Every structure is written in C-alpha cells, then in structure tokens.
Amino acid sequence: MIALCIVLGLLAICFYFKWSCSYWRRLGNVDGPAPWPVFGNAFEQTIGVKHFGEIFGEIYRSYPTASWVGIYELFNQPAILVRDLELVKEVLVGSFQHFNKNFFEIDESTDPLLSLNPFTQSGDRWKERRSQVMPVFTQMKIRSCFPIITNVAGNFLDYITKTRESNPDFEAKNICAKFAIDSIASCAFGIDAESFTNPHSEFRRVGFELFRPSSILTTIRMLLVLYVPKVAILLRIPFVPHHVDRWFRKLVNEMIRQRKEGEVERQDLFQAVYDTLTQNGTVDVKNNAIVGHSLTFLTEGFETSSTMMCYFLYELAANQNIQDRVLREIDCVLKEYNGSLTDEAVNKLHYMDRAMYETLRLHSTVFTLKKVCTKEYELPPQYADNQGKRMVLKPGMSAIIPVHAVHLDPDNFPNPYRFDPDRFLDENRKARHRYAFLGFGEGPRICLGMRFGMTQSKIGMATLLSKYRVVQSDRQELPLGISRQSFLLAPNNGIWVNFVKRHLS
C-alpha cells in the first residue's frame, strides 16, 4: 500500500510539472524556449553556469521578430520577456496601472526598514513612500551637497596619489566603492565613513554586505529573497541582515539626538528627510520611517554609482582617444572657472555626461526591469503578421524587460559594442526610440537617485582625471566577463587600472 502511494505520488508530481510546463502551448502555441521541470528557463542560472542576464539576452536574440516571448521562471511560473519597444513603453508608462509593482516582494514584519524604500512597494503605499523621499532628491537639495561631495573627491584624489607610490595597480570597483560610500555617508548622514583611511570602516562594511554575497548562506538568502520571495517570507529570511538593521537604527537614533540637542547643524539629505517627515508632527522619529529612508539613501546611491564609475574608467583606459576628449573638456571647464570645480562647472561637462550614459548603455548596472502584472492585461499579437487569438497576462505574472539585451541590440544602437559617447548627442537621442535606453528605468518608477548618482560620479571622476590619466593595468584579464554570483553587474575578475600623472601646462 505504501509503495502504491509513493508511485501515485510520484506520478502526480510528474503530471503536474509536465502540465505546468505547457502553459504557453496550451494557451495558444506561444513561441518560447522549452522549460525544465521545476527550474523553468532558469536551470543554467540555478546551477551557476550562466547569469540570468545572459539567459535573457539569448532568448531576446532567438526571437528577433517577436513582440514578446513566453518564458517560465522558477517553479514553472509563466512570464513574458518583452522585446518590442512599444510594449516596453506600455509596461513602464502607458499601462502603468497594470504593472505598477516591481518583482521584489518583502514582508514588512521581517524587513521593516526595506519596506520604506519605494522600490519595494506598489499602489498607494508606493505613492506614499515616494512622496516622502522625493523632496530629498530635488536639484536644490543635491546642489546643497556639492561642497560635501567635492571634499570627498579631494580625499579620493589624495588616496590615489599616496597609494600609487607603493602600488600602481588599482581595482577600479574597490576605489570607486570607497568614494561612493564616503560621499553618501557625508551627504546623507553627516559622518566620515573613513573608507580611504580605515580598512576596517564599519560604514563601508555594512554597504558591502547589503549588495555583495560574502558567504554561501548570504548567497542563498539573496537568491531566495530575489527570485523566490514567497519562500523567503515563509522562512522569515530578511534581505537586510539583523545586525545591519540594528547598526542602522543605532546610527540614525544617535544622529537624531545630536540634531535635536543642537550638537550638529547640517543642511544635508538626512536633514531634508527629517524635516519632511516631522514637519506636521505626524511622524514619530522613533519609528521606522526615518531609519528606513536613511537606508534608501544607501541603496539608491552606492552600488549603481560605483559600478558605473568603475566601468567608465575601464572604457576610458581602453579608448584613449575618447579619454583625450574627456580630459580636454575638464581642462577647458576648469580654466573657465579658475581651477575650481563648481556646480556650474560640473554642469558644463557635457561630453563626460555623454560618456557616462554610454557606459551605462554598454554596461547596464541592472540587467532587467521586472514588473509584476497587477491587473489583467491583454497582450498585443506575438508577431505583427499574426492577428489571431489575443493572449492575456494574468495578475501575478511577470513582464521582464531585458535592459542589457535592448542596449546591445544593433537595431537600437548600430555597432553596439563600440564605445561612442556621441550616441547621446541630442540629435541622436531624438533619432531613436525613447525606450531604447533604460539605464535608469523609465516612467513613474524611474530611479529616484539618478541625479544624485550622476552628480557625485561626475565630481569624483572630474577631480581624479584633472590630475591623472587612466590606463589599463597589466593585471587586467580580458575579456572582462560578468560575475554570476551578483544580481547586479559586476566584473568577473575585477577591473584593474593604473593612473599616470598628467603634466599640465
């Protein structure tokens, strides 16, 4: 009897997986790659053979005339991979009411701080969280942080100058992460993170722990939270580790005390969010709100900025003719402003700005934009010449926009692997589809920290390049490759550069 039950159970499981793997075929012979039982189209990702960005890129290129492709996520959950840019526009903007949720589900009781980040919320809660933090990232508030960032950039330059005397090789992500974490610590928290002077800096350690798996258990935690969130919620596995949560609460409570008692007076990002949340006395400073939004500063401005900067250095080192133009522009602007890198001077670094956008195109920090359907949505025909049965995307299914693949599509950017900042000249921007570039996302959920990230990156790079030229180190391994242990873009074996002192006339 027991043996019969086992056999019947196994047959039921096999039948279920065979049935769940046939969703798109049963719905109407939708084109898409064949799934694996349980793993869907994510088998190679699960065993570490490929990054999910690589898998989606292959699927994108395999169906060149499709508007969308039927795929399967883990546990054979049906989803679509969006190819057509008009459909991208619909998902991000035109039909936003159907796709207003990011695929990042958390439990507020397990992750109370992260639940304050607008990225993790949808509907009315998203609107509320976004309205609380938006005033912090206005142009005026960012401009008020300019002297703070320039001071950090000076420390960055001093660090390079001192270190290169004993060791000429620099891992670009490492040094850019130090700059970004110090910039955010100073602008958002009013403290010195000591990344350039203290190898055991607590702030730097916490920042790295949030984004970089440091152990097998941490990797498993991140995979569950990112790809199987309901399982993570069931197991009560937080994205923000408990010791990081405690560390942030202690830090922010001390900052609130200092400012209440008049020990510290600063018009920085922390003060802006503090004033916004307490202006009507409706928010108790002891609750999660201020601590949670303080964590948002870190998530918005650290990893993506430092990644973009390190790949920016890589491309300048690999394309010396483009670096020449960047350096000439920096020199001309500094000369115009008597050697001072002012707010107005940074805004005149137009070619550097274009080079950074081109870096984001060629090296997309985020591989995909994954939106969850919240309201039944009728998809356009899979192929333009097929006006047959219309498919419906049901609530809970995902629409995945493969940013990296879109950026490298020759139909969107001819000769896509060539580094060419002039792609972002105004006339060239206008000539292509607006949604061909998605480096910051688009629509109502566009990246909140975009302006702050670009500002701090331009200040840091302009300060460094005003004194040094960047060249590739002999330690650089080519091709770069991407790390399959990181959900954000990361080089497989680092980006190694040298800095050569410029002899300015």
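Predicted model: local features only at pLDDT ≥ 70, side-chain atom pairs only at ≥ 80, totals over all residues.
**Entry 1**

I started at Pro479, which sits in the loop between β9 and β10. My element names follow DSSP runs numbered from the N terminus: helices are H or I with at least four residues, strands are E with at least two. A cis peptide bond links Leu478 to Pro479, and its omega is about -5°. Most peptide bonds are trans, and most residues other than glycine have a negative phi.

Residues are numbered from 1 along each chain as its sequence is written, and side-chain values use heavy atoms, with hydrogens and water left out.

**Entry 2: the three-stranded sheet**

β9 and β10 took me to an open sheet of three strands in the order β4-β10-β9, with antiparallel pairing. Which strands stand at its edges? They are β4 (170-171) and β9 (468-472); each has a single partner strand, so one side of each is left without a neighbour in the sheet. I count strands as paired if DSSP finds at least two bridges between them. β4 and β10 (residues 496-501) run antiparallel and are joined by two bridges. Glu171 has Trp496 of β10 opposite it.

**Entry 3: Phe499 and the core**

The core has 151 residues, and Phe248, Met352, Leu393, Met461 and Phe499 touch the most other members. Helix α9 (residues 172-189) gives the largest share, 12 residues.

I checked the contacts of Phe499 (heavy atoms within 4.5 Å). Leaving aside neighbours within four places in sequence, the partners of Phe499 include Ile160, Pro168, Phe170, Leu313, Tyr468 and Val470.

**Entry 4: the five-stranded sheet**

There is also an open sheet of five strands, ordered β1-β2-β8-β5-β3, with mixed pairing. Its edge strands are β1 (68-72) and β3 (101-102), each pairing on one side only. β2 (residues 78-82) and β8 (residues 398-401) run parallel, with three bridges between them. Ile80 is opposite Ala399 in β8.

Two helices pack on this sheet. Helix α4 (residues 52-62) touches β1, β2 and β8, and its direction makes about 70° with that of β2. Helix α5 (residues 85-94) touches β1, β2, β5 (369-372) and β8, at about 125° to the direction of β8. For these angles, axes are lines fitted to C-alpha atoms, for helices over the stretch in contact, and the angles run from 0 to 180 degrees between N-to-C directions.

β5 runs antiparallel to β8, with four bridges, and Lys370 has Ile400 in β8 as bridge partner. β3 and β5 are antiparallel too, joined by two bridges; Lys101 partners Val372 there.

Are the two faces of β5 covered or open? Both are covered: Leu369 and Lys371 on one side and Lys370 and Val372 on the other are all buried. My cut-offs are under 20% relative accessible area for buried, over 50% for exposed, and partly exposed in between (1.4 Å probe, protein chains only).

**Entry 5: two residues with positive phi**

Phe75 has a positive phi of about 65° although it is not a glycine. Phe75 belongs to the loop between β1 and β2, and counts as partly exposed because its relative accessibility is 42%. Asn338, also not a glycine, has a positive phi of about 55°. I found Asn338 in the loop between α17 (320-336) and α18, exposed at a relative accessible area of 73%.

**Entry 6: the cavity**

How many cavities of 30 Å³ or more does the structure hold? I found one. On a 1 Å grid over the protein atoms alone, a cavity is a set of points where a 1.4 Å probe fits but cannot get out; lining residues have an atom within 4 Å of a point. About 70 Å³ of space lies in the largest cavity, a volume being the space filled by probe spheres set on the points, which are joined across faces, edges and corners. The lining has 11 residues, with Glu105, Ile106, Ala232, Ile233 and Ile237 closest to the centre. Helix α12 (residues 229-234) gives the most to this lining, three residues.

Technical notes: Core = buried A, V, L, I, M, F, W, Y, C linked by side-chain atoms within 4.5 Å. 1 Å grid on protein atoms, 1.4 Å probe; cavity = no way out; pocket = protein on both sides within 12 Å on 5 of 7 lines; lining within 4 Å.
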